[in-house]
Amino acid sequence: MKKTHYYDFPGNRFIRLMVGMVFTSEGIQKFLFPGLDGVGRFTKIGIPYPAFFAPFTGATEIVCGLLLLIGLITRIAAIPLLIVICTAIYTTKLPMLGSKGFWPTMHESRADFCMLLGLIFLLCYGAGKFSIDNKLGLNGKR
């Protein structure tokens with residue numbers, strides 16, 4: 001039996017769709033609900049210049065999330081989202097670890113860690129067979 005290469009594995013699209021949908025949705029919510037998910041949240045957690053960084057982060061999540069959904073420049077789109085999710089974990093989950101303990105933090109962090117690992121997967125393995133990257137030859141297949 002011939003071994004399937006990572007760029008031919010159809011499962012890449014499911015990781016790409018999961019991560020892309022979550023980030024696109026979260027980005028849109030930063031604009032729809034600025035007091036809860038946008039500027040208000042960024043102010044509450046102490047992000048400097050929240051009036052700039054909340055919309056900037058939201059736009060980044062929308063654009064890069066959509067790029068993941070269609071599988072275009074997937075590895076490049078994963079990089080800004082890795083910065084976003086690492087910042088989110090650092091600013092929200094690490095303080096929670098000190099105040100609420102390990103298990104409550106793990107419970108609250110489950111989506112963040114899934115997004116982190118999904119992004120690392122996409123950075124390493126690309127968009128997969130069913131993507132624009134594959135059609136353009138950007139998937140690493142030689």
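Trainee: How do you know how many disulfides this structure has?

Mentor: This is a predicted model, and a search of the whole of it finds zero disulfides. The term requires two cysteine sulfur atoms within 2.5 Å. The sulfur of Cys-64 has its closest cysteine sulfur in Cys-86, at 14 Å, and that is too far for a bond. Cys-86 is likewise in no disulfide, since the nearest cysteine sulfur, that of Cys-124, is 13 Å away.

Trainee: What makes the rings of Phe-52 and Phe-53 an edge-to-face pair?

Mentor: A search of the whole structure finds four aromatic pairs, and this is one of them. The ring centres of Phe-52 and Phe-53 are 4.9 Å apart, where pairing asks for centres within 6.5 Å. Their planes stand at 75 degrees, and because an angle over 60 counts as edge-to-face, the pair carries that name. Phe-102 and Trp-103 also form an edge-to-face pair, with 4.7 Å from centre to centre and 80 degrees between the planes.

Trainee: Are Phe-102 and Trp-103 exposed or partly exposed, and how do you know?

Mentor: Phe-102 has a relative accessible area of 43%, so this residue is partly exposed. Trp-103, at 66%, passes the cut-off of over 50%, and therefore Trp-103 counts as exposed.

Trainee: What makes you say that Arg-13 lies over the face of a ring?

Mentor: The ring is that of Phe-130, and Arg-13 lies over its face at 4.4 Å from the ring centre. The distance limit for this label is within 6 Å, and the value for Arg-13 is 4.4 Å.

Trainee: Where is the kink in helix H4 centred, and what covers the buried residues of H4?

Mentor: Helix H4, residues 74–100, has a kink of about 30 degrees centred on Tyr-90. Among the buried residues of H4 are Leu-81, Ile-85, Ile-89 and Met-96, and what covers the buried residues includes helices H1, H2, H3, H5 and H6. H4 is followed by Gly-101, whose phi is positive, near 100 degrees.

How values were computed:
Residues numbered from 1 in each chain as written. Predicted model: local features only at pLDDT ≥ 70, side-chain atom pairs only at ≥ 80, totals over all residues. Heavy atoms only, no water. Bend = angle between axes of the 7 residues up to and from the residue. Helix = DSSP H or I, 4+ residues; strand = E, 2+ residues; numbered from the N terminus. Buried < 20%, exposed > 50% of the residue type's maximum accessible area, 1.4 Å probe, protein only. Contact = heavy atoms within 4.5 Å. Phe/Tyr/Trp six-rings, centres within 6.5 Å; stacked < 30°, edge-to-face > 60°. Lys NZ or Arg CZ within 6 Å of the ring centre and 35° of its normal.
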